[in-house]
Protein chains: 2
Amino acid sequence: MNYSPVQPPRRILMGPGPSDVAPRVLAAMAAPTVGHLDPYFLRIMDETQAMLRTVFQTENRLTLAVSGTGSAGMEACIVNLIEPGDRMVVGINGVFGGRMADVARRAGADVLTIERPFGEVFDPQEVAAAIKAHSPKVVGLVHAETSTGALQPLEEISELVHAAGGLLLVDCVTSLGGVPVEIDRWNIDAAYSGTQKCLSCPPGLAPVTFSSRAVEAMDARKTKVASWYLDMSMVRNYWSGQSRAYHHTAPINMNFGLHEALRAVLEEGLPARHARHLANHLALRAGLEALGIEYAVAEEYRLPMLNAVRIPEGVDDKAVRGRLLQEFGIEIGAGLGPMAGKTWRIGLMGEASTKRNVLLFLGALENCLQQAGCSIVPGAGVAAANNAYQDQ
Amino acid sequence: MNYSPVQPPRRILMGPGPSDVAPRVLAAMAAPTVGHLDPYFLRIMDETQAMLRTVFQTENRLTLAVSGTGSAGMEACIVNLIEPGDRMVVGINGVFGGRMADVARRAGADVLTIERPFGEVFDPQEVAAAIKAHSPKVVGLVHAETSTGALQPLEEISELVHAAGGLLLVDCVTSLGGVPVEIDRWNIDAAYSGTQKCLSCPPGLAPVTFSSRAVEAMDARKTKVASWYLDMSMVRNYWSGQSRAYHHTAPINMNFGLHEALRAVLEEGLPARHARHLANHLALRAGLEALGIEYAVAEEYRLPMLNAVRIPEGVDDKAVRGRLLQEFGIEIGAGLGPMAGKTWRIGLMGEASTKRNVLLFLGALENCLQQAGCSIVPGAGVAAANNAYQDQ
């Protein structure tokens, strides 16, 4: 057995995540490993928690990075809030709502799902009706559906959930760092994210935050959390207890990377970062529309960091994605679930949300579409994007 | 909020893990991130599986790295093998056996524990009696108890487990890469490890392997695995299925690091690596004994990579570990459970198992013990270790 050292091709990551990672974050990943109880590492954990609170816009004490990827964050939130028999309402309008319902059922929840076609979002009345019918302990919704590119408004729904005495759990995997996520102002009780989307850190950690109401619910549990690894009653003592008691060995270098990625986010500032994501989205949109490409999501609910668009009639999905990857080093995402083969997911997340990537992508896509025999006005995509930038 | 970039102090990691990481592995961690479905990453996964099979000494097809630290590997093995009501026998002779029983109970297992004082191991008759009493589906034992420094012989026990129709689950977190772990020859059905011990990769992944008998048991499940994140029926399709279907976003850069760490292990070769761990252990032992320090484990069951020793009478545990860390940059481990305050755990794992570290540590410990008022022959530790090296 004689394998070559790791030497990945240089990609531009414009899919649904992971996104491009800045060299400063990669360098932090390569800092010398220290022990998981080293005073230096405990300080890095403290600072990471403080920065996560800012990014989540929360004062929640229980805010930390779960030692797994985004789906581990989802599971951590659910298994800590749900005891067998607890009632939960889950909104499914994409793959990740479906995953949330699956995780909740495995945790023993009595789940009522409400559904919307992929690409749509829920209106508060639908959620209100489900709450009335099911009296759930927890309502779970996806803020930014990574599988469809749709953004779910949450403020009004949050009021309804709390008026009925429930807890609101929100998937912020793709939204955090790219659009406003206002945990405290919106009264969200539990939220999880991933490092590899708009925070532009490699995948491997899941930021989570729990409100004091959520912590009270966890403290009132009658049964142990089904997952030892994700049991917040122990994990939180390691992250912020008096004793900093050993629970599991944290992924040290991943946490170094997240620390540096959060530093970069806060250096830029959340408002500037959100504005950048929006500006590049609008330019990409202008360019795509000039190439005759349509969005799969209604304008008012579109995610700026994840553009789900319809594949033009007669164009071979895999062939175009393959050419983008092989000839231009650009990764975009395929459709998932009922959108497979019908949509592309074009990410402009974190470090990848740049003018450079927008223009390059439009040029490369034009090349691929011409190759596929589409009739398009040469240069129209880039021209429209540049116009959009001029107008901003 | 204005935190400094990550710039860890340079430690020598001689505790119970993480161990020192080679620069080549740190460099691989910092390779540019690619997508989790990128053909290049799929190849890295294939190669990692092949190398893990060699390190585990197995042909098991289902051999991969779980996207979490060692305890996630433990949980992955248990939740996939156990359905609610299944019977399990767990041997507890340290913290990690206790953790295994806790995880199994959370998974709904009817657990019979057998216990031995910390530092001791089980003899086959005890396990046979428990099997007879409980007729377990799974017997779980810890090969190398990281909390006590004891090595559990497994071959005879494996025969007993299989004669009774059970499956043998083994914790190889600390043993893998440091002493022989012969999954196929010993007929082990499921095993998990961590990256941060004798493989000398940063923490963040958990190598696991399952025999065909274990896979049959998983395929015959009547209930879904309690953990979505760790459900091998889906994870294995991502790692080695025909479709390489997306399950979760793998920690890309962690896997780059593991790939390089495994390359280093196989370049050295397992027999040479095991011999190196033994040689440095014997030299350290000679040096410690010359300083009047005793082991907490009987000679025949001592782990070469984790030396659990009794803290000399009258010596302040925390003060000595603090001085080693602050003045010499050396991390050693505290005792856990009933050994807390009574033992130190001195690791010689992977990259940290070197002559240099043995001699440095003995010199630094002598310094600390003199400071603590112990009467020792100056230079005796280093002299004894060098003698031991000469004799080898």
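Author: Let's start with Met305(A), which sits in the loop between α10 (270-290) and β11 (306-310) of chain A. This is a predicted model, so take what follows as a reading of a prediction. Is Met305(A) buried or exposed? Met305(A) counts as buried, because 31 C-beta neighbours fall inside 10 Å, and the cut-off for that label is 20 or more. Set aside the neighbours within four places in sequence, and Met305(A) is in contact with Thr174(A), Gly178(A), Cys198(A), His277(A), Gly347(A), Leu348(A), Met349(A) and Ser353(A). Leu168(A) makes a handy reference point: 137 residues separate Leu168(A) and Met305(A) along the chain, and their C-alpha atoms are 24 Å apart.

Now put that loop in its domain setting. Chain A is assigned a domain 1 (22-267) and a domain 2 (270-391). Their C-alpha centres lie 29 Å apart. The contact between them draws 22 residues from domain 1 of chain A and 21 residues from domain 2 of chain A. On the domain 1 side, the residues touching domain 2 of chain A split into 12 nonpolar, 9 polar and 1 charged.

Next, the sheet in chain A. There's an open sheet of 7 strands with mixed pairing, and the order reads β2-β10-β9-β8-β5-β3-β4 (chain A). The edges belong to β2 (62-66) and β4 (110-115) of chain A; each has a single partner strand, so one side of each has no neighbour in the sheet. From one strand to the next, the twist averages 15°. At the β2(A) end, the partner is strand β10 (residues 206-210) of chain A, running antiparallel and joined by 5 bridges. One pairing to look for there is Val66(A), whose bridge partner in β10(A) is Ala206(A).

For the strand-by-strand detail, hop over to chain B and look at β5 (residues 138-142), where 5 of its 5 residues are buried. Which way do the side chains go? Val138(B), Gly140(B) and Val142(B) point one way from β5(B), Val139(B) and Leu141(B) point the other way, and all are buried. In a regular strand, side chains do alternate between the two faces of the sheet. On one pairing, strand β3 (residues 87-92) of chain B runs parallel to β5(B) with 3 bridges, and Val89(B) stands opposite Val139(B). β5(B) also pairs in the parallel sense with strand β8 (residues 167-171) of chain B, this time over 5 bridges. There, Val142(B) has Asp171(B) as its bridge partner in β8(B).

Ser135(B), in the loop between α5 (124-134) and β5 of chain B, has a positive phi of about 45° although it is not a glycine. Ser135(B) counts as partly exposed, because 13 C-beta neighbours lie inside 10 Å.

While you're checking backbones, look at the cis peptide bonds. In chain A, the bond from Gly17(A) to Pro18(A) is cis with omega near 5°, and Pro18(A) lies in the loop between β1 (12-13) and α1 of chain A. In chain B, a cis peptide bond joins Gly17(B) and Pro18(B), with omega about 5°; Pro18(B) is in the loop between β1 (12-13) and α1 (23-29) of chain B.

A rotation of 180° with 0.0 Å of shift along its axis superposes chain A on chain B, at RMSD 0.0 Å. The two copies are therefore related as by a two-fold rotation axis. The same surface serves both copies, with 100% of the contact residues of chain A recurring in chain B. In numbers, the contact takes 65 residues from chain A and 66 residues from chain B. On the chain A side, the elements giving two or more residues are α1 (23-29), α2 (39-56), α3 (70-81), α4 (95-106) and α9 (252-268) of chain A. Of these, α9(A) gives the most, with 8 residues. By class, the chain A side that touches chain B has 34 nonpolar, 19 polar and 12 charged residues.

Note on methods
Residues are numbered from 1 along each chain as its sequence is written. Chains are lettered from A and ligands numbered from 1 in the order in which they are written. This is a predicted model: local features need pLDDT of at least 70, side-chain atom pairs count only at pLDDT 80 or more; totals for chains, interfaces and linings use all residues. Copies are superposed by least squares on the C-alpha atoms of residues with pLDDT of at least 70 in both. Two residues are in contact if their C-beta atoms, placed from the backbone, lie within 7 Å. Domain bounds come from an automatic or database domain assignment. Ala, Val, Leu, Ile, Met, Phe, Trp, Tyr, Cys and Pro count as nonpolar, Asp, Glu, Lys and Arg as charged, and the others, Gly among them, as polar. Two strands pair if DSSP finds at least two bridges between them. Helices (H or I, at least four residues) and strands (E, at least two) are DSSP runs, numbered from the N terminus. Axes are lines fitted to C-alpha atoms, for helices over the stretch in contact, and angles run from 0 to 180 degrees between N-to-C directions. A residue is buried if 20 or more other C-beta atoms lie within 10 Å of its own, exposed if 12 or fewer, and partly exposed in between; C-beta atoms are placed from the backbone.
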